[in-house]
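Colleague: I would like to learn how to read a structure of this kind, one feature at a time. Could we look at it together and begin with the backbone?

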Amino acid sequence: MSSATISTTRAAPPPTARPAAVGPVSAAELGATWRPECPVPPAELRLVEVDHLGFDGGMHRGQLVVHEDIVDDVIAIFADLTRLRYPIEKMRTVQNYPGAQDELSMRDNNTSAFNCRPLGDGWSWHAYGRAIDVNPLVNPYISSDGDLQPATASVYLDRTRDDVGMLRADSPAVRVFTDRGWRWGGAWRDPIDYQHFELP
Ligand SMILES: [Zn+2]
């Protein structure tokens, strides 16, 4: 292949992301995602704004609430995802959905982090701001007893599909998290949680 051909088929340069912004978040701003019995207080959480590539190919400003201890990691992760041109459909905090219902956020393919959600007798890592769900409609949660989340995601249980944002074991976007020590739910056996990354 000639160099001229290569130059015309080369991918567009990575889009430029604006610097991230980090700020405090109050109980009022956390809305229904937080309540007094939650395991971390609002003072330990931060609102992080990062640019990300959208499904439309443009850059968008997204918001995540995460624990203060992992803010730098999260900023670096989303910068890497942008460099890799991994697209995220939307990134809004879950209090934008009625009752902060995770099901509604997932059906909307919304990427999110903090939400004070119980898990068994304890709390999900989302309740500590130490877990992120990425493009959750195309990357659903499924347990061996058939609990599918979101419930509208059955078509995406076929992991041979090639939908935008779909995460697989060999996806560079997965490596961005796991190379930093995050655990990926897509590697679990039961449940399998393709959307889920956590850093306990
Ligand atoms: Zn999750």
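Colleague: Where does Asn135 lie?

Modeller: In this model, which is predicted, Asn135 lies in the loop between strand S6 and strand S7, the latter covering residues 141-142.

Colleague: What should I look for in the backbone of such a residue?

Modeller: The general idea is that most residues other than glycine have a negative phi, and most peptide bonds are trans. Against that background, Asn135 has a phi near 40°, which is a positive value in a residue other than glycine. Asn109 is another case, with a positive phi of about 55° although it is not a glycine, and it sits in the loop between helix H4 (102-107) and strand S4 (118-119).

Colleague: Is Asn135 buried or exposed?

Modeller: Here we count C-beta atoms, and a residue is called buried if 20 or more others lie within 10 Å of its own. Asn135 counts as buried because it has 27 C-beta neighbours inside 10 Å, and Asn109 is buried as well, with 23 other C-beta atoms within 10 Å.

Colleague: Which residues does the cis peptide bond with omega near -5° join?

Modeller: That bond runs from Gln149 to Pro150, and Pro150 lies in the loop between strand S8 (148-149) and helix H5. A cis peptide bond also joins Asp190 and Pro191, where omega is about -5°, and Pro191 is found in the loop between strand S9 and strand S10 (192-193).

Colleague: Let us turn to the sheets. In what order do the strands S1, S2 and S3 stand?

Modeller: These 3 strands form an open sheet in the order S1-S2-S3, with antiparallel pairing. S1 and S3 stand at the edges with a single partner strand each, so one side of each is left without a neighbour in the sheet. On average, neighbouring strands of this sheet are turned by 25° against each other, direction ignored.

Colleague: How many bridges hold each pair, and what joins S2 to S3?

Modeller: S1 (residues 21-24) is joined to S2 by 4 bridges, with Ala21 opposite Glu49 and Pro24 opposite Arg46. S2 and S3 pair over 9 bridges in the antiparallel sense, and Leu47 stands opposite Val65 in S3. S2 and S3 form a hairpin with 5 residues between them, and Gly57 in the turn has a positive phi of about 85°.

Colleague: Which strands make up the sheet that contains S6?

Modeller: That open sheet has 3 strands in the order S6-S11-S9, and the pairing is antiparallel. S6 (131-133) and S9 (183-184) stand at the edges, each with a single partner strand, so one side of each has no neighbour in the sheet. S6 pairs with S11 (residues 196-198) over 3 bridges, and the bridge partner of Asp133 in S11 is His196.

Colleague: What lies across S1, S2 and S3?

Modeller: Helix H3 lies across these strands and runs at about 10° to S2.

Colleague: Which residues touch the most other members of the largest nonpolar core?

Modeller: This core has 39 residues, and those touching the most other members include Leu64, Val74, Phe177 and Phe197. Among the elements that give two or more residues to this core are S2 (45-53), S3 (59-67) and H5 (172-178), while H3 gives the most, with 5 residues. Leaving aside neighbours within four places in sequence, Phe177 is in contact with Ile77, Trp182, Trp184 and Phe197.

Note on methods. Residues are numbered from 1 along each chain as its sequence is written. This is a predicted model: local features need pLDDT of at least 70, side-chain atom pairs count only at pLDDT 80 or more; totals for chains, interfaces and linings use all residues. Two strands pair if DSSP finds at least two bridges between them. A nonpolar core is a set of buried Ala, Val, Leu, Ile, Met, Phe, Trp, Tyr and Cys residues joined through C-beta atoms within 7 Å. A residue is buried if 20 or more other C-beta atoms lie within 10 Å of its own, exposed if 12 or fewer, and partly exposed in between; C-beta atoms are placed from the backbone. Two residues are in contact if their C-beta atoms, placed from the backbone, lie within 7 Å. Axes are lines fitted to C-alpha atoms, for helices over the stretch in contact, and angles run from 0 to 180 degrees between N-to-C directions.
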